[in-house]
Amino acid sequence: MNGSDLLQNLHLMERLKDATRHCYTSQGRHESVAEHSWRLALMAYWISDEFPEVDMNKVIKMCLIHDIGEAFTGDIPTFLKTTSDEMKEEELLFAWVSRLPEPFQTEMRALYDEMIARTTMESRIYKALDGLEAVIAHNESQIDTWLPNEYDLQLVYGYDKVAFSPYLKELRDLIREESIEKIQNESKA
């Protein structure tokens, strides 16, 4: 990518630093999309030893790019996002990807297609981690930032995405235990 294209795209991706997610940080401010994506990529790196047969560099790339569409639409929480919202985000994202120089245009389009199909081990790991990071982040936030529906979501969200992996199921169980403890401590207060 030439320097001009690189700068133009980096400036566009800066939007993800300011695009806030529904979740709050432990210090009480809205988490950004960029922060979520960074920690998701870090999770993939740190679990790479659990999946030696998997191309974890590909998983890390998926984690880094998975929410780029939100640079165009902003973040909409999963439980509020409609099919129409998803289609609009995808349309804007793919229009942008189609203007990228090679090899990034082809590689990113292939990664997105793989992530959407969710049939490879890499795409399944990325999607599982995406859900896990969200519930971890909610456990770290102050419970008074939770919406009423999130008490139940914290206990069940993402289990369908980790079902293929004993390691990820165990991790999800640990996160659930943290959620239960947080909810119980809140009810004692």
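**View 1. Tyrosine 167 in helix α11.** Tyrosine 167 lies in helix α11 of this predicted model; helices are DSSP runs of H or I with at least four residues, numbered from the N terminus. Its relative accessible area is 29%, so tyrosine 167 is classed as partly exposed, that is, between buried (under 20%) and exposed (over 50%), with a 1.4 Å probe and protein chains only. Apart from residues up to four places away in sequence, tyrosine 167 touches Ile47, Glu50 and Phe51, a contact being heavy atoms within 4.5 Å. The C-alpha atoms of tyrosine 167 and isoleucine 47 are 9.4 Å apart, although 120 residues separate the two along the chain.

**View 2. The largest nonpolar core.** This core has 39 residues, and Ile68, Trp96, Tyr112 and Leu129 have the most contacts inside it. Such a core joins buried Ala, Val, Leu, Ile, Met, Phe, Trp, Tyr and Cys residues through side-chain atoms within 4.5 Å. Elements giving two or more residues include α1 (3-13), α8 (121-140) and α11 (166-188). The largest share, 7 residues, comes from α8.

**View 3. Surroundings of leucine 129.** Beyond its neighbours within four places in sequence, leucine 129 is in contact with Leu40, Met43, Ala44, Ile47 and Leu168.

**View 4. Leucine 6 in helix α1.** Leucine 6 has 40% relative accessibility and therefore counts as partly exposed.

**Notes.** Residues are numbered from 1 along each chain as its sequence is written, and side-chain values use heavy atoms, without hydrogens and water. Local features need pLDDT of at least 70 and side-chain atom pairs pLDDT 80 or more, whereas totals for chains, interfaces and linings use all residues.
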